[in-house]
Amino acid sequence: MITLDQWPSPGRYELEKLYSEVHQKYCLVQLAAPLEENATQRYLQGIHTGVIDDKQILCRAVRLDDQIIGKIDLNRYPSGAAEIDIVIAAAHTGKGYGAEALRQIISEVSEQKWCTAMHAYVHAENMHARKLFLKTGFRPGRRFQADVMIPGKNGYRFKTVDGYEYILYLQ
């Protein structure tokens, strides 16, 4: 059974382990493990305080029994809309865990009136994520292109990728 709970503190080990187990080829933001120290500390501080820069953040660990198999983040903007990101470890994709986790987070934020809408930005070739968002009530939005940083042996490089936006209005 899937449960969502607070990200563990300090949480760096769990974050690095998760990202080492994720198929990042179709992630818009690709992170090389081990993660960069300063940015990771800033991110972990943000998920534990609930604020990064001018945005509120809500982060949940996705657990199967007692094992962390994924993570869901929502970054809320001053407009009240939030950007959602979900990652599930490769060994656990395609089994319905992501859909169950999304249903739970939708229920939580709807009950708390935490945001007015959720926007997901998905790599065009990530068919599993595209189906996941449609299955959980999101509607297709616009197609977009984004310049993303891809980790490599000699640092990061930019790459332009195609993607799709998915939107779920909550109120």
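User: Leaving aside its neighbours within four places in sequence, which residues is Ile-72 in contact with?
Analyst: Heads-up, this is a predicted model: local features need pLDDT of at least 70 and side-chain atom pairs count only at pLDDT 80 or more, while totals for chains, interfaces and linings use all residues. Residues are numbered from 1 along each chain as its sequence is written, and side-chain values use heavy atoms, with hydrogens and water left out. Contact means heavy atoms within 4.5 Å. On that basis, the partners of Ile-72 are Leu-4, Leu-58, Cys-59, Arg-60, Val-62, Ile-84, Asp-85, Ile-86, Ala-101, Leu-102 and Ile-105.

User: In the largest nonpolar core, which residues touch the most other members?
Analyst: A nonpolar core is a set of buried Ala, Val, Leu, Ile, Met, Phe, Trp, Tyr and Cys residues joined through side-chain atoms within 4.5 Å. Buried means under 20% relative accessible area, exposed over 50%, and partly exposed in between (1.4 Å probe, protein chains only). The core has 32 residues, and the ones touching the most other members are Ile-72, Leu-74, Ile-84, Ile-105, Val-109, Met-118 and Phe-133.

User: And which element gives the largest share of this core?
Analyst: Elements here are DSSP runs numbered from the N terminus: helices are H or I with at least four residues, strands are E with at least two. Those giving two or more residues to this core are strands 1, 3, 4, 5, 6 and 8, plus helices 3 and 4. The largest share is six residues, and they come from helix 3.

User: What do the buried residues of helix 4 pack against?
Analyst: Start with who they are: Ala-129, Arg-130, Leu-132 and Phe-133. They line one face of helix 4, because seen down the axis they fall within an arc of 160°, while His-128, Lys-131 and Lys-135 are exposed on the face turned away. What the buried set packs against is strand 5, helix 3, strand 6 and strand 8.

User: Are Arg-60 and Glu-108 buried or exposed?
Analyst: First, the two form a salt bridge, with the closest N and O atoms 2.6 Å apart; the term means a side-chain nitrogen of Lys or Arg within 4 Å of a carboxyl oxygen of Asp or Glu. Arg-60 is in strand 3 and Glu-108 in helix 3, so the pair ties together parts 48 residues apart in sequence. As for accessibility, both Arg-60 and Glu-108 are buried.

User: How many residues apart are Asp-162 and Arg-143 in sequence?
Analyst: Their side chains meet in a salt bridge of 3.5 Å, N to O. Asp-162 lies in strand 8 and Arg-143 in strand 7, so two strands get tied together by this pair. At 28% relative accessibility, Asp-162 counts as partly exposed. The gap in sequence is 19 residues.

User: Which relative accessibility does Glu-165 have?
Analyst: Glu-165 in strand 8 pairs with Arg-142 in strand 7, 23 residues apart, through a salt bridge of 3.7 Å, N to O. Arg-142 counts as partly exposed at 45% relative accessibility. Glu-165 counts as buried, and its value is 7%.

User: What is omega for the peptide bond from Ser-9 to Pro-10?
Analyst: Most residues other than glycine have a negative phi, and most peptide bonds are trans. Pro-10 lies in the loop between strand 1 and helix 1. Its bond from Ser-9 is cis, with omega near 5°.

User: What is the phi of Lys-113 near?
Analyst: Lys-113 is in the loop between helix 3 and strand 6. At 60% relative accessibility, Lys-113 counts as exposed. Its phi is positive although the residue is not a glycine, and the value is near 55°.

Conventions: Arc of directions from axis to C-beta.
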